Structures are given as C-alpha cells and as structure tokens.
Amino acid sequence: METGQRRRVKLLLCLTPMWKLFVVLLMTATIDAQFRYSIPEEMKKGSLIGNVAQDLGLDLRRLRSGRARIVSGESHQYTELKADKGILVVNERIDREELCGEVTPCSFSFEIILENPIELHRVTVEILDVNDHEPAFKNKMIDLEISESATIGSHFDLESAYDPDSGSNGLQNYILSPNDHFVLKQTSNADGIKFAVMILQKPLDRELNPRVSLKLIAVDGGTPQRSGTVNIEISVLDVNDNAPVFNQSLYKATVVENSPIGTYITTVNASDADSGSHGAVAYSFSNVKGKSTETFEIDSLTGRITVIGNIDYEKDKKYEIRVIAKDKGGLSDASKIIIEVIDINDNPPITNIMSFSSLISEDVPPGTTVAVFNVKDADSERNGQITCSVDSSLPFKVQSSLTDYYNLLSDVPFDRETIPEYNISITVIDSGSPPLSTKAYLQLKISDVNDNAPVFKSQEYSAFIVENNKPGVSIFSISAHDSDWKQNARISYFLEDKDVSGSAISTYVSVNANSGVIHAVHSFDYEQIKQLSFIVKAQDGGTPPLSSNVTIKILIQDQNDNPPQVLYPVQTGGSVVAEMVPRSADVGYLVTKVVAVDVDSGQNAWLSYKLQKATDRALFEVGLQNGEIRTIRQVTDKDAVKQRLTVIVEDNGQPSRSATVIVNVAVADSFPEVLSEFTDSPHDKEYNDTLTFYLVLALAVVSFLFITCLVVIISVKIYRWRQSRILFHSKLPVIPYYPPRYSDTLGTGTLQHVYNYEVCRKTDSRKSGCKFGTAASQNMLIMDPSSTGTMKRIQSEKNILDQPDSPVEQKPPNNDWRFTQGQRPGPSGPHMPYGTQIRWTTKNGTRATGGPEVAMGTGPWPQPPTEAEQLQALMAAANEVSEATATLGPGTMGLSTRYSPQFTLQHVPDYRQNVYIPGSTATLTSNPQQQQAMAQQATQQALPPPQASAQAEPPKAAQTPASKKKSTKKEKK
C-alpha cells in the first residue's frame, strides 16, 4: 500500500509542468570544447536532453557523414544520440541516488566523436534530484528505558532517519507526537546530517505511567512533502543517575582498500560512573549511511570495529559512522567515527579506441591524427596517473587532447613504397607501485598516392635495324618501372611529337602503349636516313599522371642493296667513246681509269675491278682496287685497232652486286685510222638487234596464223567433202559451189576479195621491210560506171550464201551480165576487182611508175588451185619483183595498206587468165572458145557426174611478163 502510494507520487512528480523547466541547456565554451546539460532524474526513455547539432553548430549531414556516436566508458548507456535529428535523448531510466549516492552535484560525462575529419566533443549531463524518496528509519520501533528519576533536561538520542534525496528534497525536519513529558530538539553535524534528541521537560512517574508511546515523524522539503514515521516505546525504570560518556567526541581511522574480512579498524570507548547494571555500557551504530552496516561491525561490549565487507576505494573513499553508547538505565552518549579508505594500485589502465582509420594516405603531413583513444584508471593520485607511449622505432607520437583522451599522431611523412603498413603497439602504464600497464594494438595500412614517376634503367637507348626491313617489324623494347601500386603503377608509352625530314616521327616508328615495343612503320633506306632519334614518354595511370622521357636512337645498318654506278667512262647510246693507245706504248701504259661509286657504306661500298671480256686479254689488265686499265705487254702491229674491253665492277657486300662497263680502246697512232674502224655505229647494231627481234616475233605470229588458217581450211574441206558424199549417195544432181570469200584471185590462190599493197623501198636504208595490208572494208566501192551496186551489197549477198542451209539458191548469171571490151580486165581495163599497188620512191623523192600488164585466163576453174600451182604463182611474182627492183634506181620500198591512186603500178599476175564472178558460177574470159566451153560445162553440171570419170586436169599457168622476158633473152642468145 505504501509502495503503490510512493509510485503514484513519483509519477505525478514527473508529469508536473514545473519539472519541465529543469531541462535546461548549460553550454559553456571552454578551451576543452565541453558542453553541459542539466536534466532531472527519472525521465522517461526517449525524453529530449538537448539539440546537439544546433549547440555544436554542426549540420545534420556532417553528423551522418562523420558517423557521430557516443563513446562512454560506463557499462550503462544512459543517453542516445539521434544522428538523423541531431538531438540527444534519454536511453534508460536515470536514478540519481543509484548513480551518485550522496555525491553532489551528480553528473556523468561522455564524448561525441565524429570522423573524417576526427572531432571530439565532451558532453556532461548533470542529474537534478527529484523528491522520489521519503525519509526512512532503520527500525520500525525505538525502545527506550528511562529512569523515573531522570532529571528535567535530560537528553535522549533518537535514531536518525535516512533520505537518499539531496538538497531540499532530503531530510529537513523531525516532528514528535504531542505529549506531556518530552520535547524534540534537532541538531546537525558538520556534514549536514540532522538527528533528533528528546529532552525531558516533566518528570516521569513510573507508578502513574510505566510505559509511554510516542511517534517520531521525519519529513523532507520536497514538493509534495514526503515523510517517514517510527514508533517510540518508553519504559519507565527505576533510578539511573549517570549516563555513559565517550572519551573522544570524534574518532578517526584508516583502512586499506581490499582489506580482508575481519581487519581491525579501531575501538571506541565510553565510561559510566554508575555501578552495577547501570554502569554496563553497550555500543551500537546509529544513522549508518548506505551500505556501511554491510562493510563494518562494532562489538557491542568492547566497541571494537572490524571489516565485514569489501572495501573499494573507487566506490567509497571514506565512511562516517555515528556510535551510540548506552547503559542499562537507558542513559546514552554519542560519538562519530570517520574511516578513510587508503587507495592501492589495484586497477590497471583501461584503453578504449574511440576513432581509428586503418587506411591512411601516404601524402598526409606530419602531425595528422591517426587514432583517438581514451584511457581510464580508477585508482587515485599516483596510482591513477598514466603515461602513454609507442615504440620509438615507429614514426608516431602520442599527444594528450582532453582529459583522459589522447591522440596518436604521425611524426614523419609516410612512404608506402618503403613501408606499406605499420603494426602499432600503444603502451599505457600508471605510476603506482608496482605499476600496472596495458597495451593496445593497431594495424595501419598506408594507401598509395601517385608520387613516383616511371623510371627507365637508362636515359638513352640505342637499337639497330637493317635497312629494307619489313613494315611492322619489332625493333626494340623499352620498359619503365613505377614504384607506386595498382593504377598508379600502370604505365603507358607514347611517342613525343617530332619532325624528321619534314615528316612526323609517327610515320617512321610506332610504340605499343602497353608493352613498350617499338615497331617500324615502313621500310627504312640507309641511303636516305641513317639514324632516327626520338623521345618516348612513359606515363602512369595516376591522377594527376606522372611521366618521364627516354631518348631512343635507332641506327639503320646498311645493306648491299645498291649496285655500283660507273661514272667514267660515260656510256652513251648514240656515240662511241674510245681511248687511244699508241702502238709505241710500253708495258704498263695507262690507257684509262674506270671510276665507279657505290652509295652503300662500309664493306658494301668497297669496289673491286675485274676484266670480264677483252678482244685480247693478253694486252690489257685492270687494277683490282683502282680500276686503272694498263697494258701488260708491248703493243705490236698485229694487234687489232679496235679493242673492246668489258670491265665488271663488284662491291664487297654479301651477296655482292656488280655493274659492267664497256671500254673501247683504239690501238692506233692517227685519228683517221681510228675513225674508219669505228664507223659502224653501235646504234646501228642496237637497231639491227631490235629489228631482228621484231622480225622473229612477226615470223612466229605469221606462222601461228598460217597454221590456224590451214586447220580451218582443212576442216571446211572435210565438212564439204562429207556433204558432197551425202548428196552423192542420195542420187541428187550436184552443183559445184565455191564461197565468194575463197574465190580465185587471178591465179594466186584462195585469198579474200580485195587486197591493196603499197611497197616502198629505200636502197640505203637498213630499215626496209614489208607490211601486208588487211582486207578492204565493206564500204569499198567498185569504180565501174556501168555497175549500179557496191561491194557492200555484194558482201551482204555473200554473207547470205555463206550461211549453212541457206534457203537462197544459187541462180545462173543473167544474160545482161556481160563485160564490154572496155570493161574487161586486162591491159586496157581501168577497173580491177583484185589488184596490187606497188609504189616506187626514189632517193630524191620522185616516183617511177610502170605500165600495167594484165593477162587474163582463158578457161573455167571448176576447182581451187592445188598447192603446186599456188607455189608456182608465188615464185613467179617474186621474180617479177626482183627484176623490177634491179631496173629501178635507188629508192625505198615500203609496205602499207593505204589505198593511194597516185603513182601506182598495177600488176596482177593471173596465170590462169580467168575471172570468177562472186555470186555466180560463170567465168569471164576473152576467148570465144572458152565461152562456148563454159556454156557446155554449165549444161553438164546439171547432170550427176559419172562415178568412173576422172578428175579434170588443172590448166597450166600462163606466162608472166617476167617469163616472157626470159624467153626473149634466150632467143637473142
């Protein structure tokens, strides 16, 4: 019932608006950056303590990014930091009496730590007392025995009440219930503890009231006021004249903490002048604070005080105990004993790492905070004095910042490439005897910073490459080293821009960005460029990137790719240069010197001279090194005037290259003799060689064409023979037919219709030749005034007849197809369907023409001429040409296909003397007998030939003009 009432009073007290005023912010800006808040005890969980972000001047984002948190060495976490709101709230119920006991003011401290960068703020929260405890007596009843003879004014000490609250909420007053015999007097000790004393104001009478019952009420000063009550039962005794008296009003003693149970503290002593039972004194503790009764005890008979509990200096540094001495008559006396606890070094320092970054950049300056740690030692004075240190071989130092807080600072600049990580041991030792110490271990890794540029082993590299290399070939490989790590050590290679002979260096070489291999972009020529010098930059992948340069020299090695060049004697195409050697020349006579150079270098340019060919190898020799041509014997009259020496010049390369020079030497004493020997120009010889080549080529072409035509003709003959055999076996009349393309050409063979030859010859020219013209085009007109058709039309008719299985049948000639005497071919006929034009050109440019001589055939030609007849006709034509050449003067003979009507000598030898009309089977002749025979032949062709009939004998060739001249010469002889 009483407990429930106390809880209701406590709840009302917490909800009273007046107590909300205790939530006061007491922020003081000190050099330690400490902040102080005051709150009442017994606040609910989550109650606001203060706005930390606003009071510290921090942004909420800074609290979140810095991972703001509370660091406290206590086991209880009374407060909580809401980093998202920047406020400090109550985390669990706070009882001031449990937290601080009788210590005032009551407060606890903690630190708010932020990282990146590290910030440390100390916050102190003072707990204000709330009247949540009523005064309480140790015993529920006080029994007193008072003699009836007690005099008025006698004092009777009462048991004091204990109120854990402090200040005005603590014990303030005692109230004694109304009675006739006693009044209450209140007194206070030096430490402020109040106790009550009853004073007798009216004598007691045992006979009237053997027992007196009173109530003692202890009240505090809180609002609402709380109180505690104890019953006093007084037994009236017989007379006791003397009260016990302590020999000291104050006793002092000391005890070492952690003293074992039973340790003697001190002894109190009180004396009583009475004798007997009234002189016997009993000792007891009165008004024992806290847990003193659990720590010490007093012997009621002897007054000896000993230890019965654990003594901890860190909890209680001293004890104040009130001792009561009482005799049997109820008379008493009081004294106080103060027991001070002596601290011993029984607590080692405790190290708490508040903030630590396990990874730190190597470029941080000296004095950078690496870690913040807190050290606490529960001992006092020298036992609580601590010293922090690190190994002297490590580049760190410890510096104190706030009370019990230390910073681990860097002492020198870091270099990851030298030491990538540190194992740090922090030693904390106190000053007790013996000293106690603890160690904290940290592992710190150094992060890399791009502070090292790539380094080459050498500042300059040289490489060699032979000229005429393949494009893309690898020349050289470079490599740089970077002491940094990962991306900062990733090296790329680049060419520095530079012009070489007006072109960028990138047109000559390239470098692989990853491997550093240098490649040739194209083939090098030693004669154009002998070395390349350029710069390659090695750059790492850091931010910002660092780089270094190296010079690369590529020396191009010569290759024997150029033959020697002869400078003297100069070889000309149109003239001959000869060196004269007099016939009186002695042995060793210097004829000339062959001068040659080689654009290669080194051994490839070392030249040697050798005599390859000579008209007389026993007459001349060539110096192996100097190229001098000298005589090796005496020149004689038998030696030829014209000496031709072929000198070969070789270099010393592998393989060697050479050049040849022809030296003409004239062995003569006079220039006219030399001139006559060297009249034959080498140009003519070169021309003759060229002409021979073309003539051989033309002969090969003509032979090929002849064989082709022969194969075609044989094929056509076989085909027609097979056709005739088919018609013969079919018992049908056979009409001989010859295609117009292979008609008889005036007895010279099966040639095409029209050929026009132009022959030109020059007697003093070595370039004379013959060219045969091509067939006349289809647009060639027949210059017969009586003819109304053209060769084009005739050609079209011929094409129709040439087609196999043509529906057009061959028709007999019209009666109107006749030639007049003026139109017939012969000496008087101006028109010739087949002709040869021979144009003679004399040396002075005039042309000689001869009269036409035409002989016509006299009979039909039912079959093509045989090969013997063709050969006979060709030989006759050749004789005519040779006789005509002999009769004419100097001139030129050429051959062309031009149809020129001027100065032409038409000569068409026709040894059969007949004319075959294209498109017809009729043959024109000037002999009336031949015409009659031809008519009969046409009548017989309509009938099938007898099987046993013999083949008609081919007619003999007619005499040509040349044969007539030969016969005339024979007759003259």
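Which residue does the side chain of D448 meet in a salt bridge? That one is picked up in point 2, after a word on confidence.

1. Confidence first. What you have here is a predicted model. The mean pLDDT of the protein is 74, and 68% of its residues reach 70 or more. Have a careful look at residues 1–32, where pLDDT stays under 50 and the model has 41 contacts beyond four places in sequence. Residues 884–928 also have a pLDDT below 50, and that stretch has 167 contacts in the model beyond near neighbours in sequence.

2. Now to the opening question. D448 meets R416: their side chains form a salt bridge, at 3.2 Å from N to O. D448 sits in the loop between β34 (437–447) and β35 (455–456), while R416 is in the loop between β32 (405–410) and β33 (421–430), so the pair ties together parts that are 32 residues apart in sequence. Buried or exposed, then, for D448? Buried, because its relative accessible area is 16% and the cut-off for buried is under 20%. R416 counts as buried too, at 12% relative accessibility.

3. D448 turns up again around N488. N488 is placed in the loop between β38 (480–481) and β39 (491–495), and N488 is buried, with a relative accessible area of 14%. Leaving out residues up to four places away in sequence, N488 touches D448, V449 and N450, then D482, and also D540, G541, G542 and T543.

4. More on charged pairs. Side chains of opposite charge can pair when their charged atoms come close. How many salt bridges does a search of the whole structure find? The count is 22. One of the pairs is E460 with K553, whose side chains meet at 3.4 Å, N to O. E460 belongs to strand β36 (residues 460–466) and K553 to strand β45 (residues 547–557), so this pair ties together parts that are 93 residues apart in sequence. E460 is partly exposed, at 39% relative accessible area, and K553 is partly exposed as well, at 29%.

5. Another pair to click on is R633 with D616, a salt bridge of 2.7 Å from N to O. This one runs from loop to loop: R633 is between β52 (628–631) and β53 (642–651), D616 is between β50 (607–614) and β51 (620–622), and the two are 17 residues apart. R633 counts as partly exposed, with 23% relative accessibility.

6. On to the nonpolar side. In soluble globular proteins, nonpolar side chains tend to be buried together. Which residues have the most contacts inside the largest nonpolar core? They are V509 and L532, in a core of 27 residues. The elements giving two or more residues to this core are β36, β39, β42 (509–511), β43 (517–520), β44 (531–540) and β45. V509 touches L532 directly, and its other contacts beyond four places in sequence include I475, L495, I518, F534 and I554. A separate core of 26 residues lies apart from this one, with L56, L81, F110 and L114 among its members.

7. Three strands make an open sheet in the order β37-β43-β42, with antiparallel pairing. β37 (474–477) and β42 are the edge strands, each pairing on one side only. From one strand to the next, the twist averages 25°. β37 and β43 pair over 3 bridges, in the antiparallel sense; S477 has V517 of β43 as its bridge partner.

8. Last stop, around β20. T266 is in strand β20 (residues 264–267) and counts as buried, at 13% relative accessibility. Beyond its neighbours within four places in sequence, T266 is in contact with A253, G303, R304, I305 and I337. S259 is in the loop between β19 (250–256) and β20, and S259 is buried, with a relative accessible area of 11%. What does S259 contact, apart from neighbours within four places in sequence? The contacts are V307 and G309. N310 is 51 residues from S259 in sequence, yet the two are 7.2 Å apart in space, C-alpha to C-alpha.

How values were computed: Residues numbered from 1 in each chain as written. Predicted model: local features only at pLDDT ≥ 70, side-chain atom pairs only at ≥ 80, totals over all residues. Heavy atoms only, no water. Helix = DSSP H or I, 4+ residues; strand = E, 2+ residues; numbered from the N terminus. Buried < 20%, exposed > 50% of the residue type's maximum accessible area, 1.4 Å probe, protein only. Contact = heavy atoms within 4.5 Å. Salt bridge = Lys/Arg side-chain N within 4 Å of Asp/Glu carboxyl O. Core = buried A, V, L, I, M, F, W, Y, C linked by side-chain atoms within 4.5 Å. pLDDT = per-residue confidence, 0-100. Pairing = 2+ DSSP bridges. Axes fitted to C-alpha atoms, helices over the stretch in contact; angles between N-to-C directions.
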